[in-house]
Amino acid sequence: MAARPTFTSKTAWAALDVESGEDTDEEVLDETPASQPESASESSAKPTKSALRKQKALARQEKRQQEKLARAAAKAQAAAAAKGATAADVKAPPQPVTRDQPEPESSIPVAQEPEKVEEPETLPVEELVQQVSEYAAPKPANGAAHPLQEANGSASQPPAPEPVVAPPEPSKYDAPPPPEPKPVASIPSEKEALATRRNDIENPPEEKQQHQQLEQEQAEKAKKKSSFLTRTLWTFIMIGGFITLLLMGHAYMIVLVMLCQTLVYREVTALFSLKRKDAGQGNARGRDPWSKTLNWYFFAVTNYFLYGESIIYYFKHVVFSNAQLTPFATNHRFVSFTLYLIGFVGFVLSLKRGYLKQQFGLFCWVHMTLLLIVVSSHFIVNNILEGLIWFWVPASLVICNDVFAYVWGITLGRTPLIKLSPKKTVEGFIGAFFSTIVFGLLWGTYFMRFDYMICPMRDLGVTAWSGQLQCTPNPVFVWRDWQMPTPLSVFLSTLIGHQVTTIPYAPYQLHLLVLSCFASLVAPFGGFFASGFKRAFDIKDFGHSIPGHGGMTDRMDCQFLMGVFTYVYYSSLIRDNHVTVGSILQTIVSGLTLTEQLELMADLKRYLESQGVTVRL
């Protein structure tokens, strides 16, 4: 019977990490005899159960001792690092010598971090099994390999023949020698610590924070100053350009309004980005190729209809006296509606699956934009044609209210006015109200003296320097005297020192009070509406058309509302409706046949000749 193999390495079993006395799966499998042994000599070559347990007990004892030594070395190094010195040498106690093998000399690296103790490295199980097989691999008697079954059922390495006892080798898990000290990088030296303390004394952390905050505040102030200068510069540029176009004539003001409405329309419609939903194409998104075209088509058709109506109304004497323009004037509305139907049919034909929801949303969006912007601009153009004063003064009142609200808000503002505009204050709102009333009375009274400002437009070639615009002024611009009550007359005469019985005034001044109140109390809500619009889309400005001011919509939000109110107020309460040559000519051309027109001309000729006027036809 073959002799039992002796295991020369005691530490190889430490890597199995068997802390309890129970056998692992590998051990139970080793103890189980092979299913089909080839000979009795092969089974006798395996180690006995008692030998295995003895080796495992020795391995566990070695491992515990190594762990104790590692903990002691780590504690000593942590204590040395806490004192500001480098790690001291820690000598491990001598390893007790076992009876089976001499004590080898080996080293195990110990963790150098004082805050964390690392466990000694353990070799993988495969390397340990290979070491065991090198030192104590049993050989079957007949020299044939006999595979062992591992726990998972796979064939392991075949058992080696009976071992030849090799000379003992040093174990990798014996007691470690003193670890090599390493400098702790996280702990500064005494000089560095002293310099840090001195720097903290000279510049305390609180002062550093205050210094950083001061630098940030200075940077913000510089940014605000630059923004204020840019805004102020472009404000004067806009005011200068506005006055220049005003003096150049009505036609240039109409062009300015059309330019502003075009920019506003572009900025508002750009907020509605038409994206098609994913239709089995991953994350790819496309744009409806007809959306932009249809947007501007409806814009052009709406302007054609509205401006055509204005031209026909204010220039009847030119349009209906020209045979080539008469068909255009008489059929203008039918032509406009036909053009709109073409756009509507084109929209329906452009509907596509994957775009439907977005396309109908854009259709509604465009029509609301046309109503709020293009129609409002049409009324502003009508104000210009009725007389520049009906455009210039209301626009100036809105600008004045905005400026005074800013001034009073900065000076006295404490109470927020509305959540949509956190910077608006009640104090600024009230202060701007009184300031706008005073400004409106003075501003409007000054400009009502000029025929260029108050006369309706009949010739687009007139400028402020031509002096050709003359008319019978509207009764609201005619000065009148108000008879004061006797007590008031006596009081003022005593106060002034001479007789005062009447006070001169113009009805236009009363209308200025109404316009000033609307500009300061209602028109700002157009700005609040735009602010809510921007909050809904999470944007700061509608665009960047004007440096320092944002987009054109940010400057025109109150002007549209003010322009519509001025037109409605003027056409309802102020306009002097009387028969004009243009209106009679429009009735004749559009309501009488050619025979009736000739008959009317003959009757008119006879009437003039009876009055002594020679008529040559």
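Which residue in E2 is the bridge partner of isoleucine 418? The partner is serine 421.

## The model

This is a predicted model, in which local features need pLDDT of at least 70 and side-chain atom pairs count only at pLDDT 80 or more, while totals for chains, interfaces and linings use all residues. Residues are numbered from 1 along each chain as its sequence is written, and side-chain values use heavy atoms, with hydrogens and water left out.

## The strand pair

Strand E1 covers residues 416-418, and strand E2 covers residues 421-425. Strands here are DSSP runs (E, at least two residues), helices are DSSP runs too (H or I, at least four residues), and both are numbered from the N terminus. E1 and E2 run antiparallel, joined by two bridges. Two strands pair if DSSP finds at least two bridges between them. The link from E1 to E2 is a hairpin through two residues.

## The nonpolar cores

A nonpolar core is a set of buried Ala, Val, Leu, Ile, Met, Phe, Trp, Tyr and Cys residues joined through side-chain atoms within 4.5 Å. Buried means under 20% relative accessible area, exposed means over 50%, and partly exposed is in between (1.4 Å probe, protein chains only). In soluble globular proteins, nonpolar side chains tend to be buried together.

The largest nonpolar core here has 57 residues. Met253, Ile389, Met453, Phe477 and Tyr508 touch the most other members. Several helices each supply at least two residues of this core, among them H6, H7 (250-270), H12 (356-386) and H17 (507-521). Helix H19 gives the largest share, nine residues. A second, separate core has eleven residues, including Leu294, Leu306, Leu362 and Phe363.

Take a look at methionine 453. Leaving out residues up to four places away in sequence, methionine 453 touches Gly387, Leu388, Ile389, Trp392 and Phe447. Contact means heavy atoms within 4.5 Å.

## A nonpolar patch on the surface

Some nonpolar residues sit on the surface. Phe228, Leu229, Ile399, Val403, Tyr406, Val407 and Ile410 form a patch there, with about 680 Å² of accessible area together. Helix H6 (205-248) and helix H13 (389-412) are the elements that give two or more residues to the patch. H13 gives the most, with five residues. Valine 403 is found in H13. Valine 403 counts as partly exposed because its relative accessibility is 45%.

Patches are made of residues with over 30% relative accessible area and no salt bridge; like charges are joined within 9 Å, and nonpolar side chains (Val, Leu, Ile, Met, Phe, Trp, Tyr) within 5 Å. Accessible areas come from the Shrake-Rupley method with a 1.4 Å probe, and for residues only the protein chains shown count as cover.

## Salt bridges

The structure holds five salt bridges. A salt bridge is a side-chain nitrogen of Lys or Arg within 4 Å of a carboxyl oxygen of Asp or Glu. One of them joins arginine 71 and glutamate 67 (3.6 Å, N to O). Both residues lie in helix H3 (residues 49-82), four residues apart, about one turn of the helix. Arginine 71 is partly exposed at 40% relative accessibility, whereas glutamate 67 is buried, with a relative accessible area of 19%.

Glutamate 309 and arginine 333 form another salt bridge, their closest N and O atoms being 3.0 Å apart. Glutamate 309 lies in helix H8 and arginine 333 in helix H11 (residues 332-349), so the pair ties together parts 24 residues apart in sequence. Arginine 333 is exposed, with a relative accessible area of 56%.
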